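Please open the structure in your viewer and keep the selection tool at hand.

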Amino acid sequence: MSNRITAIRGFNDILPPESRVLSHIEYTAIEVFTSYGFSEMRLPVVEKTELFSRTLGETTDIVEKQMYTFSDLSGTPLTLRPEGTAGVVRAYIEHALYTKAPIHRLFYRGPMFRYERPQKGRYRQFYQVGVEVLGDEGPFVDAELMEMLSVILERVGVKGAVFEINSLGCPGCRQPFRQRLGGFLEELKERLCGDCTRRMERNPLRALDCKNPTCRELTTNAPDIYDYICEGCSAHFDGLRAALDGFGVPHRVNHRMVRGLDYYTRTAFEAVVDSPRLGAQNTIAAGGRYDGLVKELGGPQTPCFGFAIGMERVALLVDRSLIGEEPLFYLIPLGTEPQQRAAGLASAMRMAGMRCMMETKRGASLKSAMKRADRLGAAYVLLLGEDEMKERSLTVRNMTDGTQRRLPLDTFIEELRQGLP
Ligand code: HAM
């Protein structure tokens, strides 16, 4: 047994039936995205390392210590994508999408990779579905997308999500705030945690959402960004709150929320759920505005907003009773002739949109086939034996109450679809 190969820590095998929960979240999200006019972008999971170090920020946790970086055989430094926004922006510029339409609504899905300490709701490979709107300065669109997120959460039965919002200002007004905050932190230098002290110069804002209790306590009276943001940013934030009220999205202002990525400007938000099922990792989706990123990567000035949903975290909360599944029909042919006929019947049922499996094991006894049907959770078993063949019919057995009836082969599909026996 010692030479068994196992999966890498933090990389999960997602098996049925759990995989169905993730698919359900993904399909629901995509259905809702589509109804809001979004189209899919399928992007590589590997990008040049520089893309992430330039967009996410050199001093962010992700770039400093969480990236899966390696060189390919030609020596080019590559990184498994830790998030989706950087790739979307890269592709937007590379394909000059801004020349094709003034506003783009795009969504993506797939695995992301971060070398974090695995725990409940936190993995090294995890799945996101995300959206980006490129070319709209908001704040109405920011609120519309948050409302869209609340619709998805409602459809999958996640209750109690609170939208925490903040404004991070623009580079113009953030600078004086950073300086003031830097000065405030300087005086506490000796007592702050290692991360906060190290980042103090290049990224003092991160101290505001440091999880260390001592840092939280020490920064209770830290300067408030809202006292520093410029008129434009302040009007944007007020507009966001009014639009959220208009959409009926309950929200809570949290001036200490700064997010772990450097590209954000103005709106930042997190959807948080307080639930014992989640524990410490209680942010199920997050995003914000990144008005400077397209330009920084060589495109034209383009205001953008987006968010990503952490699918595994949502999976811990979904109401599984809402995941409907078509009833399974299990077709058991008994004998050579019935077996030849069965393939055509199964195929006709599938064409009619029914979920059908067939007993394929050669020479299986009725008993063992019934056992398999039961294990698979079949709602109905369809028996096709010599008698049935003679009568041009089949026997339908309701697996819940054990009742049986015969239906003619010519009409059984219609009869089953009209009202299940
Ligand atoms: P993020 O906050 O880094 O933002 O990730 C979004 C969500 O992904 C988190 O709220 C969380 O639910 C989930 N997530 C993050 N890390 C992990 C992990 N290690 N294990 C499980 N789930 C995780 C972004 O990624 C931005 N790109 C969002 C965005 C889009 N901003 C603008 N547009």
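**Stop one: a pocket**

The second largest pocket holds about 500 Å³ of space. The model is predicted: local features need pLDDT of at least 70, side-chain atom pairs count only at pLDDT 80 or more, and totals for chains, interfaces and linings use all residues. Residues are numbered from 1 along each chain as its sequence is written, and side-chain values use heavy atoms, with hydrogens and water left out.

Select Arg174, Arg178, Asp262, Tyr263 and Tyr264, which lie nearest the centre of this pocket among its 25 lining residues. Then colour helix 2 (49-56), helix 6 (171-186) and helix 10 (293-296), the elements that give two or more residues to the lining of the second largest pocket. Helices (H or I, at least four residues) and strands (E, at least two) are DSSP runs, numbered from the N terminus. The lining of the second largest pocket comprises 10 nonpolar, six polar and nine charged residues. Here Ala, Val, Leu, Ile, Met, Phe, Trp, Tyr, Cys and Pro count as nonpolar, Asp, Glu, Lys and Arg as charged, and the others, Gly among them, as polar.

On a 1 Å grid over the protein atoms alone, a pocket is an open set of points with protein on both sides within 12 Å along at least five of seven lines, whereas a cavity is a set where a 1.4 Å probe fits but cannot get out; lining residues have an atom within 4 Å of a point. Grid points are joined across faces, edges and corners, and a volume is the space filled by probe spheres set on the points.

**Stop two: a cavity**

Next, select Leu43, Pro44, Glu47, Phe52, Arg81, Glu83, Gly84 and Gly87, which line the largest cavity. About 30 Å³ of space lies in this cavity. Its lining has three nonpolar, two polar and three charged residues.

**Stop three: aromatic rings**

Now show the rings of Phe11 and Tyr68: their centres are 5.7 Å apart and their planes lie at 85°, so the pair is edge-to-face. Rings of Phe, Tyr and Trp (its six-membered ring) pair if their centres lie within 6.5 Å; planes under 30 degrees apart count as stacked, over 60 as edge-to-face and the rest as tilted. Phe11 belongs to the segment before helix 1 (18-35), and Tyr68 to the loop between helix 3 (61-66) and strand 3 (69-71), 57 residues apart.
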